[in-house]
Amino acid sequence: MNSHSSEKKYRAIGQLPQADAAGQSAAEASAGSSPTTVSGITCRLPTRYGEFALHGYADPATGLEHVALTLGDFSDGAPVLLRLHSECLTGDTLFSLRCDCGPQLEASLRAIASEGRGALVYLRQEGRGIGLINKIRAYALQDTGADTVDANRMLGFADDARDYRFAAHIVQSLGIRQARLLTNNPLKVRALEAQQVEVIERIPLHAGANPMNHRYLSTKAQRMGHLQD
Ligand SMILES: [Zn+2]
């Protein structure tokens, strides 16, 4: 059974339960094995920006489920336009003007569609990794005057608790060896390169600035190293 392979590190959602002859499920078998690779279950995902392939992944270390949207063929080894987007329920789906996540998500999909080739990895690490309820707590502190960095610190969290290790495994599993990364965040470039994903170009992604998120974007630039180029 391939779930015993030493190459398998992270199990995909679609590969989970299948009992083998000994009655042990694949999930049970892989839970005790040393994980090394990612493979996802895939379906078509037509969107307003084009028809992507949607790949699902489960991170056994965190229990979080993530997806990647891809367009085009990466088998030629040429650099791939790539966005790592961390979930923001308020910005991505509830039209919040407190941040720029929703417009960045849309701009990324639009850019990938216009090239006809690329990938967006959607990571379920809400609130820069602190979770939805804690993000609401942090927003409440920001409502009384704290900026996004101080609010996180007042709650006992890091300024940015996101982790890109599993994202790098997803990227590698998609066959992406070299990336042209859509981001304003140099830490994201370094995090990917630390996981052996070569970033040959950083492409600035500026979308969704508005009067309501002016302070937030300024704080990201001034206190979190985000670039405004
Ligand atoms: Zn957001």
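A: We begin with strand pairing. This is a predicted model, and in it S6 and strand S7 (residues 198-203) pair in the parallel sense over five bridges. Leu-182 has Ile-203 in S7 as its bridge partner.

Q: Which strand pairs with S6 over three bridges?

A: Strand S4 (residues 80-86) does, in the parallel sense. There, Leu-81 stands opposite Arg-180 of S6.

Q: Why is strand S6 described as largely enclosed by the rest of the structure?

A: A residue is called buried when its relative accessible area is under 20%. Strand S6 covers residues 178-182, and four of these five residues are buried, so the strand is largely enclosed by the rest of the structure.

Q: How do strands S1 and S2 run relative to each other, parallel or antiparallel?

A: Antiparallel: seven bridges join strand S1 (residues 41-47) to strand S2 (residues 50-58). The two strands form a hairpin, with two residues between them. One of the bridge pairs is Pro-46 with Glu-51 in S2.

Q: Glu-51 is charged. What does the side chain of Glu-51 meet in a salt bridge?

A: The general idea is that side chains of opposite charge can pair when their charged atoms come close. Here the partner of Glu-51 is Arg-44, at 2.9 Å from N to O. Glu-51 is partly exposed at 41% relative accessibility, while Arg-44 is exposed at 58%.

Q: How many salt bridges are there?

A: The count comes to 13. Among them is the pair of Glu-106 and Arg-48, at 3.6 Å from N to O. Glu-106 lies in helix H3 (residues 101-115) and Arg-48 in the loop between S1 and S2, so this pair ties together parts that are 58 residues apart in sequence. Arg-48 is exposed, with a relative accessible area of 73%, and Glu-106 is partly exposed, at 32%.

Q: What does the side chain of Arg-124 meet in a salt bridge?

A: Its partner is Glu-87, at 3.3 Å from N to O. Arg-124 lies in the loop between strand S5 (118-123) and helix H4 (126-129), and Glu-87 in the loop between S4 and helix H2 (89-93), so the pair ties together parts that are 37 residues apart in sequence. Glu-87 is buried at 16% relative accessibility, whereas Arg-124 is partly exposed at 34%.

Q: Which residues are linked in a network of salt bridges?

A: Glu-115, Arg-180 and Glu-201 are linked in this way. Arg-180 is also the residue in S6 that stands opposite Leu-81.

Q: How should I read the metal site, and which residues coordinate the zinc ion?

A: The zinc ion is coordinated by the SG atoms of Cys-88, Cys-99 and Cys-101, at 2.2 Å. These donors follow the spacing C-x10-C-x1-C. Cys-99 is buried at 2% relative accessibility, and Cys-101 is buried at 13%. Water is not among the atoms, so sites may look incomplete.

Q: Which residues form the nonpolar patch on the surface?

A: The patch consists of Leu-89, Leu-94, Leu-132, Ile-133 and Ile-136, with about 420 Å² of accessible area together. Helix H5 (residues 132-143) gives the most to the patch, with three residues. Leu-132 is in helix H5 and counts as partly exposed at 31% relative accessibility.

Key: Residues are numbered from 1 along each chain as its sequence is written. This is a predicted model: local features need pLDDT of at least 70, side-chain atom pairs count only at pLDDT 80 or more; totals for chains, interfaces and linings use all residues. Side-chain values use heavy atoms; hydrogens and water are left out. Buried means under 20% relative accessible area, exposed over 50%, partly exposed in between (1.4 Å probe, protein chains only). Helices (H or I, at least four residues) and strands (E, at least two) are DSSP runs, numbered from the N terminus. Two strands pair if DSSP finds at least two bridges between them. Patches are made of residues with over 30% relative accessible area and no salt bridge: like charges are joined within 9 Å, nonpolar side chains (Val, Leu, Ile, Met, Phe, Trp, Tyr) within 5 Å. Accessible areas come from the Shrake-Rupley method with a 1.4 Å probe; for residues, only the protein chains shown count as cover. A salt bridge is a side-chain nitrogen of Lys or Arg within 4 Å of a carboxyl oxygen of Asp or Glu. Donors are N, O and S atoms within 2.8 Å of the metal (3.2 Å for Na, K and Ca); water is not among the atoms, so sites may look incomplete.
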